[in-house]
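Dear colleague,

I am handing over the structure that we spoke about, and below it you will find my notes on what was found. Please keep it open beside you while you read.

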Amino acid sequence: MTEKDITHVSEAQIAVHWQEEDYFYPSMQFIAQANMTDPAIYEKFSLDNFPNCYKAYADLLEWDEYWHTILDTSDAPCWKWFVGGRINASHNCIDRHLAKNRNKTAIHFVPELEEEKVEHITYQELWVRVNEFTALLRDFAGLKAGDRATLHMPMSAELPITMLACARLGVIHSEVFGGFSGRACADRIVDSKSNVLITMDAYYRSGTLLDHKKNADIAVELAAKDGQTVNKVLVWQRYPGKSSTPTPMVKGRDFFINEELKRFYGKRVKPVSMPAEAPLFLMYTSGTTGKPKGCQHSTGGYLAYVTGTSKFVQDIHPEDVYWCMADIGWITGHSYIVYGPLSLCASTVIYEGVPNYPDAGRPWRIAQDLGVNIFHTAPTAIRALRKIGPDEPAKYNYHFKHMTTVGEPIEPEVWKWYYKEVGKGEAIIVDTWWQTETGGFLCSTLPAITPMKPGSAGPSLPGIHPVIYDEDGNELPAGCGRAGNICIRNPWPGGFQTIWGDRNRFVQNYYARYCKDPKSKRWQDWPYLTGDAAVQAKDGYYRILGRIDDVINVSGHRLGTKEIESAALIVPEVAEAAVVPVAHEIKGKEPDLYIALKPGFDASPELEKKISDAVCNEIGKIAKPRRVWIVKDMPKTRSGKIMRRVLAAISNKKDVGDVTTLANPNIVDEIKAMVK
Ligand code: WT7
């Protein structure tokens, strides 16, 4: 390989791929009850019928004022959907269901400790609790439409209550994954300019009650240093009225919500009617640079899209008990634990803890006891459960009709175990490919219409029209089976509106690469770059191969290599840092961290630990490197670029190829000997 080859071979191209598999078909029983059984749906959502086809999604919602323009492209590529419409998301997820279903369970909250009681919250009770908390947010915290509130909450019933209370006022919520560090939370507070932080004092993880309140103190302190004052920290208590953490409350700043709420008993707040294109929430995600980007999602378009896809892809009916095991701190939880299922009046399960606590039978006991019939999880969890409890599902009496896998490509062997053991050969599986940015699914089979193919996400959803480009911007012929960069030709209602406060970066990151004319106001000229490589098989099914950018997928969580590298560079001894993904049996990928020290410093186990700890403190434990390798020098091109490809090959015990053109080829063998 020449130097150019090594630098340009993408992660996707060097990845090992599986063979095309045979189809699996849904049962007649499934088809008989499915929400969508009309194959003409693809034609109805063809490009010829775009964008008007999406009226069908908008009509799944209750509008305060109906929209007049379905798609406004005048501010390309910031698309506006359902313009002129006014709507409230909280109303659509709660109030509109009361007349018929006030006594139905909206949320089943399952504490991690099995001896604790499951909480069943009806739509009526959800309405009461959301109303009272909305009143508190408005009258005590002083929040109003358009303000941002940062949430740093674990899996709890209070998290959707908080989101829906924000939505009721038109306050833009920005939930930070509970496992992220105080530092990561601070960065998001600063970027979104929030002056209210909503958190919880403690939560269970793997049987331990974690002190989460301490992260709030760190976040507020660090945010202040970066110029953003948080004047109120609202703290839900894991055990209302009881202290669960040693971290004290700061007088005048921190308030226990359950104390303050007493003053709002009986208060009701009319949902604020928001323009369809008003932002509903921000969800920060990793990209090519160190700074996470706040993906801004709209109210009307987003809610329409997640409601439609929850109905037609997740096949949710109001009588279903639906359990998505993701964390609400990620987009999957926002779209497919909270907004989609509640908008459809389903019962949604929220589980506090880890799937294997206290043993690998736990998920199946939860499914059995709550009567879960739709199940949604990620390959990393499936691999883990398959490894530690391959025969567990058969021991429990539950029946899924439908299952989802999301977050990364799933190995056909793992898919088949999921199908046979977890689904007991009865449940259909959808493999949904999408992203934080896209709000909802892009590719998946339609459960009653298009057969499943293990290891393949399937065709694009009705109304989503992908195109695969090569490096030079040529369109690859449909179904040619060659890898390229997958883009989406057209806008869709769930797509994010912009990066919060950084339109320029939005355009650069997602549209600049294949834009046909930067001045154009036509959507046809603005293909959306997903950042994934993919191949399309002859049958039109897409197989996603992985990221083309500097993003690694650890247990289905997206981490920027640059984020981890910048965290390592905070350690004063570190001169250079390079992160590469290493294959891992359960997690999919893990970060390996290569470090070169400043002159005068020596490698030591203590220093390795210090660097690893720095990464955990800055980002969170999910970013913990597999190993920290302190090397004498980084393999570099003659122009000084660190050859991450070579490091990745070494970490993954693969052939490094020809490295003779590097500036320092000898270092490669030295590093190889070290990593072995
Ligand atoms: C990246 C997006 C979508 C919610 C969870 C992750 C990868 C996602 C699949 C899938 C293969 C997948 C892609 C994508 N990905 N789903 N079904 N098959 N790869 O959201 O954190 O924004 O990550 O996850 O690489 O770009 P995210």
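Predicted model: local features only at pLDDT ≥ 70, side-chain atom pairs only at ≥ 80, totals over all residues.

Overall picture

Residues are numbered from 1 along each chain as its sequence is written, and side-chain values use heavy atoms, with hydrogens and water left out.

The protein has 22 helices and 30 strands, where helices (H or I, at least four residues) and strands (E, at least two) are DSSP runs numbered from the N terminus. The C-alpha atoms fill a box of roughly 75 × 60 × 60 Å along the principal axes. If we count contacts (heavy atoms within 4.5 Å) with a separation of 6 or more, residues 24 or more positions apart account for 72% of them.

The inside

A nonpolar core is a set of buried Ala, Val, Leu, Ile, Met, Phe, Trp, Tyr and Cys residues joined through side-chain atoms within 4.5 Å. The largest one has 153 residues, and those with the most contacts inside it are Tyr54, Ile198 and Tyr339. Helix α8 (residues 123-139) gives the most to this core, with nine residues. Apart from it lies another core, of 38 residues, among them Ala184, Val233, Leu593 and Ile630. Beyond residues up to four places away in sequence, Tyr339 touches several others, including Cys93, Met163, Phe281 and His334.

Ile189, found in helix α10 (residues 182-192), counts as buried because its relative accessibility is 1%. Leaving aside neighbours within four places in sequence, Ile189 is in contact with Thr150, Ser194, Leu197, Ala219, Ala223, Gln228 and Val230.

Which residues of α15 are buried? They are Arg362, Pro363, Trp364, Arg365, Ile366, Ala367 and Leu370. Helix α15 (residues 362-370) is largely enclosed by the rest of the structure, because seven of its nine residues are buried. Just after α15, Gly371 takes a positive phi of about 70°.

Backbone details to look at

Most residues other than glycine have a negative phi, and most peptide bonds are trans. The peptide bond from Phe50 to Pro51, however, is cis, with omega near 0°, and Pro51 is placed in the loop between α4 (41-44) and α5 (55-58). The bond from Tyr357 to Pro358 is also cis, with omega near -5°, and Pro358 is placed in the loop between β17 (347-351) and α15.

Ser206 has a positive phi of about 50° although it is not a glycine; Ser206 lies in the loop between β9 (202-205) and β10 (208-211) and is partly exposed, with a relative accessible area of 45%. Lys424, in the loop between α17 (412-422) and β20 (428-432), likewise has a positive phi, near 50°, and counts as partly exposed at 24% relative accessibility.

With best wishes

Definitions and conventions. Buried < 20%, exposed > 50% of the residue type's maximum accessible area, 1.4 Å probe, protein only.
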